[in-house]
Amino acid sequence: KTPYVVTGKSFTAVAINCAAKAGEWIKSRLGQYKSLEVKSSMHDVVTEVDKGAELMIRKLIQTHFPHHSILGEEGAGCGQAASEEALKEALQSEYLWIIDPLDGTTNYVHGFPFFSVSIALAHKGEVIVGIVYDPIRDELFVAEKGKGAYVRGQRMQVADEKNLHGSLIASGFPTDFTRALPVNLKGIQALAPKVRNIRTAGSAALHMAYVAAGRLTGFWELNLNAWDLAAGSLLISEAGGSITDTHGQPYHLGVRDVLGSNGHIHADFIQVLKDADAQG
Ligand code: IPD
Ligand code: CA
Ligand code: CA
Ligand code: CA
């Protein structure tokens with residue numbers, strides 16, 4: 001039984017309970033999913049576990065906050081991905097829950113134990129609660145705007161590292177092979193000799209939680225969506241780090257090319273990627 005079930009119906013309590021409940025179920029179905037559907041391509045798959053977890057989370061949120069809006073990767077009908085229009089419309093809502101019920105589906109279907117549940121609440125476009133839950137390690141990452149970020153109940157602080165050469169950086173391989181992948185590969189090639197090493201472990205939300213926890217010094221990835229990033233963005237900023245797009249503009253819910261770090265390496269990190277891209 002997860003220790004994370006909490007009482008009360010504050011935004012954060014509901015978010016934690018959603019993540020704990022969905023995470024427990026996701027873990028219990030590991031290696032036993034029944035259907036594997038292809039979404040946009042063979043690189044983009046979904047199982048009934050993703051959809052079930054999203055439905056579970058939606059129901060719990062709706063029970064407590066029936067007037068709030070919800071944006072989830074698998075869509076209201078669970079199976080229909082959120083469109084650009086749905087995203088724009090959702091961003092107008094006063095209170096918007098942003099859910100990735102299972103971040104790291106590819107890992108999940110292969111039994112690679114690195115995936116998470118990501119839940120954020122935005123008020124008028126600003127993320128005020130961010131939760132990332134890793135059910136395998138039973139690690140809950142929680143941030144509230146202005147109140148810090150915590151893992152396993154302990155306050156998180158980004159890594160102290162001042163330079164790129166002592167940094168451990170993560171990224172993810174985009175499945176947009178025309179624009180994003182070539183740009184990402186140039187970035188990896190330029191960055192690899194300048195940093196300690198690079199990881200691509202397959203869950204953007206968990207990568208960001210690890211930046212907040214100081215386990216990674218930085219993270220960048222292209223072509224992500226609000227549900228991959230919203231919770232992680234608050235974890236990083238509340239743990240004292242910096243979160244922007246890959247050009248250094250402040251993070252907002254529409255950002256798709258993201259770059260997060262401990263702050264100290266932020267400018268150098270952006271510069272290396274920028275130079276790599278400019279070199280063509
Ligand atoms: C994916 C993961 C992965 C990232 C992909 C995302 P999903 O999310 O975050 O790490 O590289 O771009 O789409 O589809 O497993 O929720
Ligand atoms: Ca997906
Ligand atoms: Ca995701
Ligand atoms: Ca997902």
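1. The model is predicted. Around ligand 1, the shell residues comprise 5 charged, 6 polar and 2 nonpolar ones.

2. Overall dimensions. The chain has 280 residues, and a compact globule of that length would have a radius of gyration near 19 Å; the chain has 18 Å, so the two agree. Along the principal axes, the C-alpha atoms occupy a box of roughly 50 × 40 × 35 Å.

3. Packing. Of the 280 residues, 45% are buried. Among contacts with a separation of 6 or more, 68% join residues 24 or more positions apart in the chain.

4. Secondary structure and domains. The chain contains 14 strands and 8 helices. Domain 1 covers 11-155 and domain 2 covers 164-278. Their C-alpha centres are 20 Å apart.

5. The domain contact. How many residues of domain 1 are in contact with domain 2? There are 35 of them, and they meet 24 residues of domain 2. On the domain 1 side, the elements that give two or more residues are S3, helix H3 (84-91), S4, H4, S5, S6, strand S7 (139-144) and strand S8 (148-151). That side divides into 18 nonpolar, 11 polar and 6 charged residues.

6. The seven-stranded sheet. An open sheet of 7 strands runs in the order S3-S4-S5-S6-S7-S8-S9, with mixed pairing. Strand S3 (69-72) and strand S9 (154-155) are at the edges; each has a single partner strand, so one side of each lacks a neighbour in the sheet. As background, strands of a sheet pair through backbone hydrogen bonds, in either the parallel or the antiparallel sense.

7. One strand pair in detail. Strand S5 (residues 116-123) is paired with strand S6 (residues 126-134) over 7 bridges, in the antiparallel sense. Which residue of S6 is the bridge partner of alanine 120? The partner is glycine 130.

8. Location of the ligand. Why does ligand 1 lie between the domains? Domain 1 (11-155) and domain 2 (164-278) both contribute residues to the shell, so ligand 1 lies between them.

9. Closest residues. The shell around ligand 1 has 13 residues, of which Asp103, Thr105, Gly172, Gly202 and Ala204 come nearest. Strand S4 (95-103) and helix H4 (105-110) are the elements that supply two or more residues to this shell.

Terms used: Residues numbered from 1 in each chain as written. Chains lettered and ligands numbered in written order. Predicted model: local features only at pLDDT ≥ 70, side-chain atom pairs only at ≥ 80, totals over all residues. Near = placed C-beta within 6 Å. Helix = DSSP H or I, 4+ residues; strand = E, 2+ residues; numbered from the N terminus. Nonpolar A, V, L, I, M, F, W, Y, C, P; charged D, E, K, R; others polar. Domains from an automatic or database assignment. Rg over C-alpha atoms; globule rule 2.2 N^0.38 Å. Buried ≥ 20, exposed ≤ 12 C-beta atoms within 10 Å, placed from the backbone. Contact = placed C-beta atoms within 7 Å. Pairing = 2+ DSSP bridges.
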